[in-house]
Amino acid sequence: MFWPIGSPRVYATSQRQLPRERHITSNDGVNSEAPPAAVNGKRHETAPAYADADAAQPKPLGDNAEHDAPVTQGPNGSAPQASSTTNGAVQGTDAETDVDGEIIALRVARNGQLFATITRSTLTIWQTKPTAVLASVLRSSSSIKTYGSNVSLLLRPDSAIFVVQTAFGYLITYSLASDPTSRVYRQHFDPNAHGHSRRQSISGSRLHATADRFAGPGEGGGIQDVSVRFRMVIRVDAGIAKALALDDELVVATAKPAAIQCIRWAPDNHGNQTSTELLSKMSWLSKKTTVVDIVHDRPMNLYSWVMSDGKAYAVQKLPSNTTDGQAPRALFKGYCFHEPKTKDTHAVKAAINARFSLIAVGCANGEIHVYTARDYDGHVPLSHKLQTGLTSASSGRLAFLTYSPDGYCLFAGYEKGWMMWSVYGKPGASSFTSTRFMSENNEEKWLLSVRDGFWVGGGSEILLLSQNDNRLWLLEMARSAVAGCFSSANVSRSLLQTNAGFMIYRGYDMPDLTAISAEVSLWHHVQIPSPYLVDQWPIRSAVISADGRYVAVAGRRGLAHYSVTSGRWKTFDDPDMENAFTVRGGMCWHQHVLIAAVEADNSYELRIYSREKELDNNKIMHNERLPAPIVLIAPSGDDSLLVYTYDNILYHYIINVANSSVRIVQVGQIALHGIIRAPPRVRALSWILPEDQLDHGDPSQDVAVATILFLIDGKLVLLQPTTTEEGVLKYEMRIIAQNVEYYALMRDHPSFKIADNNDYLPPSPSAGLPNNSLQGHDLRDSLWYFDGQDMKLWIDAQDVLVSASLELGRELPATVSIPVDFYPLSPLLNKGILFGVESDLVQRRDISFAYFRFTTRTHLFLPPLLRHHLAQYNSPAALHLSHHYQHLLYFPHALEILLHDVLDDEVDTSPPPELALLPSVLSFLSSFPQYLDIVVQCTRKTEVRSWRTLFAHLPPPQELFEESLQRGSLKTAGGYLLVLHTFEELSSSSHQLIRLLQRAKLEQDWDLCKELARFLMALDESGDTLREALEMAELTSPTEGGTKRPAGSSFMFEESRQAISRNNGRLGDGSSVSDIGIGIGGIGLGTAAAAAAVSNSSMGSRSPASLVTTNGEGKASGSSGGDGDGAAAAVASHETGNTTGTEADSSDDFFATGFG
């Protein structure tokens, strides 16, 4: 659900020289007159393996302000400027002279507003928005000699304390102090200067909360004024294997002895500051092993330890209940969930996804194994595996692994590139597709390697650090709005969010061929107003209306909405009103009104805003208070609103529209205590009402008969109501699908909604389009979901409801699986396609940088659905489904793909006659007028060896040729002529070619005449065969008085025909059919290998918009990757075996276009 866009922004410390008098180096507590082991001005006694409480108390070094505030900083608190001398290659104990060396580590604060980087001897504090250096610490030579150079960086989540790990086993801590009201500098522009002013499309006269109206997204706060002070040094004599900074303590894994030590930032109530547990005392750990990596997730309260033996453990810290005098107790308990079978699968990195309860483990060979954390008792089974598709030598060692904040994307950085996957394994963007020598020449190290990074703005950007680099690369992301606000409209309309705006796909209301075009122009790009974005970035959620006319966005505070028709925004004029509430729980549109779940002043409300009115607290149409925070809201049907809260109660509201006013009325509620254990883990919900209740029932009784569909983590859960013998309502729960990234219940989607009263609304731009004709067909109740690999669906959700009851004990009906090689965003039911996007990395020689763009992809879903019906011997259902799509121009191509897929499978598997599906498919296809064209198109896109299997279930090619001729389909008849020739049947009835040539002459189809002539020349390069045919067809011979053919040679092609093996159509070693390529009327045949290539290309999952056009010479042009129409065919003489090149003419019908 994440796609990088554009080219990254690059940040680095300045190369300008800092005046020497403003250089203040930090000795980190080392007194030049004292022995080098002095800490905090006092002799550090022979320390135990772990730091003591006394060493944790920082003491001033004296009255010298330079030592008390050792910070490199400009005048008046301005950001420091580095010198032009670069010391990125400092070795040993040599100190760097400036802050622009090679960055070796970075860490970000929990709120994302600050992050820090280190070089071998410096610590630099950065602000995220605007991205700028706030302060830096330059360690002195004495500090480097005493403690060692920097090797790693820790940051307390609240960004109050920074910890630098050194090469000699020390932890140097610094504290950060800031003035929330002070700012370093602000931009100033002459108000009298004349320049271009962009037209504002915002209603009202907004009062700016920030004085800098030129600030970018999230930059309204300006650059903070901070100072960094040395705090203390902690020495760990046992050696630091790995350390982790948490809210309350430092967790340090030591090497000798192997142990875990927890060092509190401040002593506890009993005066204790450290606690230690040896790994050898942990019975659940393997013996003689050390910790390699530790990660911690706060929402799940879970650690993941990666050990030196390649195992990975899920670990929890036990609650503290120790009092003075008690014996040492166990600090941790854990379970091994990853046991490598080979060295290649040794764990090296780990990442935790709290949103989906997943733990990803990176292996030594570059693979990533993803596990599901079902509970805290060790049930952590393998979910799926992710692979780069490269060897470990090509990708390099895995160096960095992280999930996006919303959990929908996994980013992996390798020594030689990086790659992204969706949460359940769909491959996304990758730098491995780049041309490496171009990236090296342009010094684009973000494409060559990634050693560290973090997400910015809730996933709207990612900041990357490359190997051996002093630059930071900030890459923008486009992501599906479903990640921030799961709404049926967001799924069906495919709304995409960017860092500062959103994109709307306009293909839904376009003609069929336009909608499936890969052109970027089908996307409507909208910029969020700067006055809102400056203060409220990042945008946390966005939602589009069901008809695609309105979009609402919500950032840190407040909200804003946009009209697609007018192009105008509405924001709060009063920033105080905007900052008074936060959208939490989602938003949805009901026609022209916006319903938002908000939190304001410790109250939880549902607010209704009208698009027609200004955004103002005094113009709220309705306000409904709830007793608990709202998890999510979901519209259902025409007028229902479902609201699920943190106290595990589902409320049912009716949206009441009367006299141009809108309000919601509660008509029921369901307590789900004991059914759903963790309400915050619910990502989406819908419900399904019986038809009678939907049409004639009392809304207050809906809760008693509705079947509820929940998406919890990655599980799709069905709750069905039943009544006990005592008449008490209860629910049966059944998990119907796993690894679900999103789902779509089609009865909740716009294609099937009929508005009863639209008098007060402007007419819908989608009114009268073909989607209204789909009312009532059997996809109206379909249930779709994407599992990270394929799009799957149940054609009728009612079948699932009938089978889901535990009392019946039935198996769930089989799903229809639709394989796709891109990320699908939504099924477009009225067009019969799956729609999605994929990332494309562009590198050009005329520019010195690479950039990402995303391309639109489409895939026909009709063939798998029709095959599913036919496999169940349900031809009437297949005909019923086809009836609703016959108006599509590419419908015959969908039937062709159906035939092609079934034929390929049965040629390879050779099923027994009673299990063969091909006869049913051919019988089904015979119901359509394009039947003959579909068969002949399929023959040209399959290998010749498949023809015997195909025509074993068809009338003889002779009859199909005659039928095509009777219908006037001359080019189709030409295709069957090739089949007759290949089957050695043309010699006995060569007058058929003469008849076709004469018919083409009468209808003045000169293109076909030309193709027939080329066909004859391919058989006889001397031209005698062509000359005889022209004479028999009463066409003027190209030459007068030509030489007579030798005796025994005739137009019957006895010597020039091509043979096909009788062994089920499979080529024998001596077969010469692979030596010829012929084409008639756009029906081209090539070698067996070429036929396979054509088949693969034509049946690929690409848009059919890349039409093949022909020039005056019948040569294909304008095709991107073509499907065989413009492919060069090898034409050979049977007598000589020599090949010459020619080009097959492209077909005039639409079946020739490639489609997925």
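Four strands form an open sheet in the order 45-46-47-48, with antiparallel pairing; strands here are DSSP runs of E with at least two residues, numbered from the N terminus, and two of them pair if DSSP finds at least two bridges between them. This is a predicted model, in which local features need pLDDT of at least 70 and side-chain atom pairs count only at pLDDT 80 or more, while totals for chains, interfaces and linings use all residues. Residues are numbered from 1 along each chain as its sequence is written, and side-chain values use heavy atoms, with hydrogens and water left out.

**The sheet and its helix**

- The edge strands, each pairing on one side only, are strand 45 (682–688) and strand 48 (729–737).
- From one strand to the next the twist averages 25°, where axes are lines fitted to C-alpha atoms and angles run from 0 to 180 degrees between N-to-C directions.
- Strand 46 (residues 707–712) and strand 47 (residues 715–723) run antiparallel and are joined by 5 bridges; Leu711 stands opposite Leu716 in strand 47.
- Helix 11 (residues 797–804), a DSSP run of H or I with at least four residues, lies across strands 45, 46, 47 and 48 and runs at about 65° to strand 47.

**Glu249**

- Glu249 is placed in strand 12 (residues 249–254), and it counts as buried because its relative accessibility is 7%, buried being under 20% relative accessible area with a 1.4 Å probe and protein chains only.
- The side chain of Glu249 makes a polar contact with the side chain of Lys317 at 2.7 Å; such a contact is a pair of N or O atoms within 3.5 Å, where within protein one must be able to donate a hydrogen and the other to accept it, and residues adjacent in sequence count only if both atoms are side-chain atoms.
- Leaving aside neighbours within four places in sequence, Glu249 is in contact (heavy atoms within 4.5 Å) with residues including Cys262, Arg264, Trp265 and Tyr303.

Note on methods
Buried means under 20% relative accessible area, exposed over 50%, partly exposed in between (1.4 Å probe, protein chains only).
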